[in-house]
Structures are given as structure tokens and as C-alpha cells.
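Let's take a friendly look around a protein chain. Have the sequence and the 3D view ready, and we'll go from the whole chain down to one residue.

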Amino acid sequence: MSELNTVPATTAPAAPAKPVARGLGRWPWPTIATAAVVLVACAAPFQLVPFHTFQLAMAMIYAVTLLGLNLLVGHTGQISLGHGAFFAVGAYTAAVAMHQWDTPYLATLPLAAAVTFALGFALGIPALRLRGLYLALVTLAIAVFLVPLLKRFDGLTGGSMGITVTKPQAPLWTGLAEDQWLYFLALAVTLASFALVAGMLRSRVGRALHAVRDNEIAAEVLGVNLAHYKTLAFAWSALLAGVAGCVYTWVIAFVSPDSFALTLSVTLLAGLVVGGLGTTWGPLLGGLFVLFVPSFAQDVNQAAPGVIFGLLIIAVMYLAPTGLAGLAGRLARQLGPLVRKGRTHAH
């Protein structure tokens, strides 16, 4: 039997590996964007005139309010047309404490948070039996009767004349002007609030809230306590609005019932929808919208600013049905592959 001569197989040398382009998807863009926004926010008061610094502080105050509203509407699926009432309660709690009880202004922040948390929890209990339009009507009623209520108890609230308080002064060691100090107070509260809500949404609580929003029956079957998480959402949502109202009192140094009319609650909800329901950046974009767009509408047509404001909302909703944050995310997803393709070809 002859032996077979085996020829050793030759392996072709491997081609040198091409450098792999690091695509956009590999970068932690949310973290980078957040860091960039924080850095710009920290530098802004040193580059802007006092009035523009004041405007940005107000935008952050509205953003915190919308953050609470987003927790309730965007992440839990509960409709609220009366969130301006919680904002007003927080503002008046701080004003009364500072004006009548000489409470240090920093101490009014936890006080306003506690009062509005308790109020939100109390209102969340009867709201358990309501949903949809019925819940919206109940919250709307709260916003409607709050203004007459504030005017009636003039011994406590100052009635129609409101309450004037002293603006917080910057400590000498900071070297900051008054408007800069108030800006950084608003910025600190905003960053803490966004961090708190982000941590909450990443936890078991956030998953439960999303389950309630998506399908209450399925959530209950899976063991989610609907009553607990609905009232919790109302309470935390009210707390954030109350905290924002407290900072509003610091910045404005004046509160009156007419500042918290029904239009405030409607504008807040519109701002959240325009910014983007259930999104991370929606409350911040909505806060900018709530502050600047009504002023822009007033400049365009002083006779009918409401018409201009409404048309702008319709235009934004037509162009961006998921809000400005949703539009930005969609553009980023569309541009990402194009940029990655260009970087790959470059290598």
C-alpha cells in the first residue's frame, strides 16, 4: 500500500487590519451633552447682563416645575391642568415664612417642599378613582379656586396686594453680584432636581411608573401597587413644583394671586408638550419656551399675543409631534449614520 504524500497547507498571510473608525454611537453623548450644558450654564452669568441672567434663572425655575409635571404626565400618564397651584403654594409658603416669621431664605426650601409634598399626596388619594378627562377637570378646578382663596385670606397672604420680601444677598466670600447669586441658587436647585428625577426613573420606582403609564391592568397583574405609585407620583410632582415656586419667590421677591392665574397652569402644560413629554431634555426646553415665547409673541403683536403664542404652539406641534426634544433626538439618529459613514471612508 503506497503512502500518500501530503502537502502541507499554506495559509495566506493575513491582511493588515484596517483601523476601525470610532463611531458616534460609541461616544457617551448624553453625558457629554449634559457636561457641556452644565459648563455653559456655569459660565453664563459672567458673560451676560443682569437682565439676561435673570431670564435664564426664571427659565430654570420653569424647567424644575415642568420636571415635576413631566414625572406625573410624561412618566406616569396622569393628566394635570392645575400644576400652577402647586407652584403657587410653594411660592407663598416661602413668602409667608420669610415675611411674617423671619425665616432664613434657605430654610424655606425644605419647608415649601414638605408642604407641597403633603398637599400633592393628599390630592393624589382622591385622584386614584379618576383618570383621563375627569382627573384633568379636578386638577383644573384646583387651579381655578386657588386665586380667589389667596385673595380671601389677606391677613396671611396679603390679599390682592401680595407679599414683598427681601431678595437674598450673596455672601461676601463669593464676590458675586445679587443677580449672579440668585442665578446660581436656581442652577443648584435645577441640577439637584434633575439628578433626583433621573435616579428615580432608573430605579424600581421609575419602572413601576412606566408600567402604570403603559397599561394599568397589566401593571397590577405584575404586582405593581397602583395606589402607592400614583399618589407617590402626585406627591413628588407637587414637591418639585413647590421647590420651583420657592426659588421663584427668592428671585422675584414678590408674590401676588394674579401671578398664578389659570393661564399659568395651561402654559406649563403646553410648554411640557412642546419640550417633549417623557423625555430628559423636554422640561428644560419647555422652560425656555414658557419664558421666551410669550415675550416674543408680545413683541410681534401687542394687540393679540395669545394668538401668536397659539400659532407658534401649533407650528411646533406640526413640525415636531414628539416635542423639541424628540425632534432633536430624531435628527441625531439620522445624522449619526451619515457621520459614521464619512469617518469610515476617511480612514
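## The chain as a whole

Helices here are DSSP runs (H or I) of at least four residues, and strands are runs (E) of at least two, numbered from the N terminus. With that in hand, the protein chain of this predicted model has 14 helices and two strands.

How much of the chain is buried? Buried residues account for 42% of its 347 residues. The chain exposes about 18,800 Å², and 69% of that comes from carbon and sulfur atoms. Now take the contacts between residues at least 6 apart in sequence: 77% of them link residues at least 24 apart.

## Two helices side by side

Two packed helices are described by the angle between their axes and the distance between the axes. Find helix H7 (residues 178–202) and helix H10 (residues 226–252): their axes come within 10 Å and cross at roughly 175°. Angles over 145 degrees count as roughly antiparallel, so that's what H7 and H10 are to each other.

On the H7 side, the contact includes Leu182, Leu185, Ala186 and Val189. H10 brings residues including Trp236, Leu240, Val243 and Trp250. Sort the residues of this contact and you get 13 nonpolar, one polar and no charged.

## Zooming in on isoleucine 163

Isoleucine 163 sits in strand E1 (residues 163–164). Is it buried or exposed? Its relative accessible area is 4%, so isoleucine 163 is buried, as the cut-off is under 20%.

Who's around it? Leaving aside neighbours within four places in sequence, isoleucine 163 touches, among others, Tyr92, Leu156, Phe254 and His99. Histidine 99 is 64 residues away in sequence, yet the C-alpha atoms of the pair are 7.5 Å apart in space.

Notes. Residues numbered from 1 in each chain as written. Predicted model: local features only at pLDDT ≥ 70, side-chain atom pairs only at ≥ 80, totals over all residues. Heavy atoms only, no water. Buried < 20%, exposed > 50% of the residue type's maximum accessible area, 1.4 Å probe, protein only. Contact = heavy atoms within 4.5 Å. Areas by Shrake-Rupley, 256 points an atom, 1.4 Å probe, with all protein chains shown as cover. Axes fitted to C-alpha atoms, helices over the stretch in contact; angles between N-to-C directions. Parallel < 35°, antiparallel > 145°, perpendicular 65-115°, else oblique. Nonpolar A, V, L, I, M, F, W, Y, C, P; charged D, E, K, R; others polar.
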